[in-house]
Amino acid sequence: MQNPINDLRSAIALLQRHPGHYIETDHPVDPNAELAGVYRHIGAGGSVKGYPGSRILVGMHASRERAALLLGCEPSKLAQHVGQAVKNPVAPVVVPASQAPCQEQVFYADDPDFDLRKLLPAPTNTPIDAGPFFCLGLVLASDPEDTSLTDVTIHRLCVQERDELSMFLAAGRHIEVFRKKAEAAGKPLPVTINMGLDPAIYIGACFEAPTTPFGYNELGVAGALRQQPVELVQGVAVKEKAIARAEIIIEGELLPGVRVREDQHTNTGHAMPEFPGYCGEANPSLPVIKVKAVTMRNHAILQTLVGPGEEHTTLAGLPTEASIRNAVEEAIPGFLQNVYAHTAGGGKFLGILQVKKRQPSDEGRQGQAALIALATYSELKNIILVDEDVDIFDSDDILWAMTTRMQGDVSITTLPGIRGHQLDPSQSPDYSTSIRGNGISCKTIFDCTVPWVLKARFERAPFMEVDPTPWAPELFATNKQ
């Protein structure tokens, strides 16, 4: 029996048993832009220049097939699998420090030799980044007025000083609510930054409201996916919990009333590559985390992400798909067949909904499904509706449906003036005078489904189902093993 996945190392061990999913190299790589440049070609890093003994992992989530392998389901069933988990969370548990590998090594920031910049090889993704970033730092914090309410979210974290990080918090995020409460009281907010985790934890943490409302601890999603609770441990320097089987933990406090310019040391004007495919602007005023300690496993692995790309699509997209599937299924049972948060939209902006019209009265329900999806996931911008005979994971098939089953004057619905996402550069007033403010968008629904009364006219060519193995065994025999 294979060992269950409960951390990053057991996930890597699983991938090592499946050819084509894991590459390891000792060839030196510079964390300053070179690592990301290498990853864009082969998805691997190597020994890190200037950091003897350090290891960096990139691309763990950059494949839908790999995500399915790591979560124990079929790629086409990921939305359903993750959707069931969010409805049946398993709460985390606290374990003693003796059972927490993340605290095998401890480095306190009050040591005069402590320097985060020398301790961990935080990479820059491009030569114009604001600075080195931790790109898969899962921040854990609790409500200062009710510490039973805990949230986890991935945030943009730029290394600013030997013991300081800037932190970008999007408006409305639950940890931003916690921070504002603490700041209003003139108090720091304790946080832990958890890196190198079981993939299920990262995926679960990317759910958003209204699917996971205020007070919902997303670590419960990972607990449900693994059918065992995520283990937490008390921090060594702050009054907050950390993920016990993480590779690296940064403990610190969000300081009240302190702000820094994100690119204060580089003056590039840019932050880092964002999931829409552009280098975002450096933020002129960000909150500061004062680092109190770093703990890590022996021979720790620093896990990072290079965006944009399929890794972000997996992390953001699977919760998007699960949220939409659950909401539409509740409203129109059996109508939605599947959903894909397409990689062209970074897992957030573009949703492909596959529906099945079963009777005349189902005509028009495709539009209802699209509206439910837009209401469920506010960052969606475009939705493409297709029939059950279209492969939603094949962009050619989607475009074929758009070409042969859609007429622009009757099949496109536009919904202007709706809140979208501030990182889409087209969602700004200087792009169009119709846009009232940054992050406001015109949502668009492309109905590429066949009208019920014309279904017989749009039947696809009925090719014979055959087993092609005898004709091309080198291509198909391996897939059957």
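Reader: How many salt bridges does a search of the whole structure find?

Author: Please keep in mind that this is a predicted model. A pair counts as a salt bridge when a side-chain nitrogen of Lys or Arg lies within 4 Å of a carboxyl oxygen of Asp or Glu. Searched over the whole structure, the number of salt bridges found is 30.

Reader: How many residues apart in sequence are the parts tied together by the pair R297 and D7?

Author: The side chains of R297 and D7 meet in a salt bridge, with 2.9 Å from N to O. R297 sits in the loop between strand 15 (286-296) and strand 16 (301-304), while D7 belongs to the segment before helix 1 (8-16), so the parts that this pair ties together are separated in sequence by 290 residues.

Reader: Do R297 and D7 count as buried or exposed?

Author: Buried means a relative accessible area under 20%. R297 has a relative accessibility of 8%, and the value for D7 is 3%. Because both values fall under that cut-off, R297 and D7 each count as buried.

Reader: Which strands hold K290 and E164, the two residues of another pair?

Author: K290 forms a salt bridge with E164, and the closest N and O atoms are 3.1 Å apart. This pair links distant parts of the chain, 126 residues apart, with K290 in strand 15 and E164 in strand 8 (residues 164-168).

Reader: Is K290 buried or partly exposed, and which word applies to E164?

Author: The cut-off for buried is under 20% relative accessible area, and partly exposed begins above that range. K290 has a value of 24%, so K290 is partly exposed. E164 has a value of 18%, so E164 is buried.

Reader: In the salt bridge between R365 and D362, what is the relative accessible area of D362?

Author: The side chains of R365 and D362 meet with 3.2 Å from N to O. R365 is partly exposed, having a relative accessible area of 30%. D362, in turn, is buried, and its relative accessible area is 0%.

Reader: How many residues of helix 8 are buried, and which residue just after the helix takes a positive phi?

Author: Helix 8 (residues 219-226) is mostly covered, since eight of its eight residues are buried. Among them are L219, V221 and R226. Just after helix 8, a positive phi of about 55 degrees is taken by Q227.

Reader: Which element supplies the largest share of the lining of the largest pocket?

Author: The largest pocket holds about 1100 Å³ of space. Its lining has 40 residues, and those closest to its centre are I154, R173, E208, K348 and H421. The lining divides into 19 nonpolar, twelve polar and nine charged residues. The largest share, four residues, comes from strand 6.

Note on methods. Residues are numbered from 1 along each chain as its sequence is written. This is a predicted model: local features need pLDDT of at least 70, side-chain atom pairs count only at pLDDT 80 or more; totals for chains, interfaces and linings use all residues. Side-chain values use heavy atoms; hydrogens and water are left out. Buried means under 20% relative accessible area, exposed over 50%, partly exposed in between (1.4 Å probe, protein chains only). On a 1 Å grid over the protein atoms alone, a cavity is a set of points where a 1.4 Å probe fits but cannot get out, and a pocket is an open set with protein on both sides within 12 Å along at least five of seven lines; lining residues have an atom within 4 Å of a point. Grid points are joined across faces, edges and corners, and a volume is the space filled by probe spheres set on the points. Ala, Val, Leu, Ile, Met, Phe, Trp, Tyr, Cys and Pro count as nonpolar, Asp, Glu, Lys and Arg as charged, and the others, Gly among them, as polar.
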